[in-house]
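Colleague: I have the sequence and the model open. Please take one part and walk me through it closely, then show me what lies around it.

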Amino acid sequence: MGSQEHLHKLLAARNGPLAALLHASQQHAALAAQIKRCLPPEVAAVVHSAVLNHGCLSLGVSNSAWASRLRFMAPQIRAWLAGWPHDEVTAIEVHVLVATQPAPATAADTPRSISASTRAHLEAVAQTSTDPRLAAALRALAHSGRGPGDDNARPLPDSDPASD
């Protein structure tokens with residue numbers, strides 16, 4: 001319990017070590033909300049942070065495509081913010097924010113087998129190859145791609161059924 005109480009005191013103390021950081025964070029969040037109200041909805045949706053420092057507005061966006069687009073739109077953004085109650089925006093910097101959450105997990109590829117005609121072609125190429133390592137690799141590929149009805153069925157993980 002002692003460490004939880006200590007943490008609470010750090011976070012809640014008005015003049016504690018984290019008070020200035022908390023205050024700055026609240027100001028940045030309020031500024032970002034004000035800026036978003038001045039921007040078109042599709043632009044506001046990708047702006048996640050904003051800091052105004054001596055006329056330089058720094059915007060944090062979700063990806064590099066939007067960062068490039070907003071850099072190109074900087075004069076238009078300054079015009080949208082012309083009548084707002086803060087310092088005049090003389091420059092705009094846009095940066096991509098680092099993801100705070102891990103990327104969503106993707107489903108594992110479903111194993112696929114190769115067709116009998118593809119296996120026969122691989123065997124034929126292996127027989128005519130002058131490189132023994134290539135021939136061995138082609139034979140291994142032909143044998144590993146057998147389908148469920150074949151002997152020693154071992155499906156290939158990354159084969160494309162459209163190319164069979």
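Modeller: A cut-off comes before anything else: a residue is buried when its relative accessible area is under 20%, and exposed when that area is over 50%. Keep in mind that this is a predicted model.

Take helix 7, residues 132-144. By that cut-off, its buried residues are Ala135, Leu138, Ala142 and Ser144. Why look at the spacing? An α-helix has 3.6 residues a turn, so residues three or four places apart point the same way. Helix 6 (116-128) is among what covers the buried residues of helix 7.

Now the length of helix 7. The helix has 13 residues. From first C-alpha to last it reaches 18 Å, close to the 18 Å expected at 1.5 Å a residue. Its N-terminal end is capped by aspartate 131. There, a side-chain oxygen of aspartate 131 lies 3.0 Å from the backbone nitrogen of arginine 133.

Next, the cores. The largest nonpolar core has 23 residues. Ile35, Leu57, Leu70 and Ile92 have the most contacts inside it. Elements that give two or more residues to this core include helix 2 (19-38), helix 4 (64-72) and strand 3 (91-96). Strand 1 and strand 2 are also on that list. A second, separate core has six residues, including Ala126, Ala135, Leu138 and Ala142. Three of those names, Ala135, Leu138 and Ala142, are buried residues of helix 7.

Leaving out residues up to four places away in sequence, isoleucine 35 touches Ala50, Leu57, Leu59, Leu81 and Trp84.

Strand 1 (47-53) and strand 2 (56-61) come next. These two run antiparallel and are joined by six bridges. Together the strands form a hairpin, with two residues between them. Histidine 54 sits in that turn. Its phi is near 55°, a positive value in a residue other than glycine. Is histidine 54 buried or exposed? Histidine 54 is exposed, because its relative accessible area is 75%.

Last, alanine 82, in the loop between helix 5 and strand 3. Alanine 82 counts as exposed because its relative accessibility is 63%. The C-alpha atoms of alanine 82 and cysteine 38 are separated by 9.6 Å, although the two residues are 44 residues apart along the chain.

Terms used:
Residues are numbered from 1 along each chain as its sequence is written. This is a predicted model: local features need pLDDT of at least 70, side-chain atom pairs count only at pLDDT 80 or more; totals for chains, interfaces and linings use all residues. Side-chain values use heavy atoms; hydrogens and water are left out. Helices (H or I, at least four residues) and strands (E, at least two) are DSSP runs, numbered from the N terminus. Buried means under 20% relative accessible area, exposed over 50%, partly exposed in between (1.4 Å probe, protein chains only). Two strands pair if DSSP finds at least two bridges between them. A nonpolar core is a set of buried Ala, Val, Leu, Ile, Met, Phe, Trp, Tyr and Cys residues joined through side-chain atoms within 4.5 Å. Contact means heavy atoms within 4.5 Å. The expected span of a helix is 1.5 Å times one less than its number of residues. A polar contact is a pair of N or O atoms within 3.5 Å; within protein, one must be able to donate a hydrogen and the other to accept it, and residues adjacent in sequence count only if both atoms are side-chain atoms.
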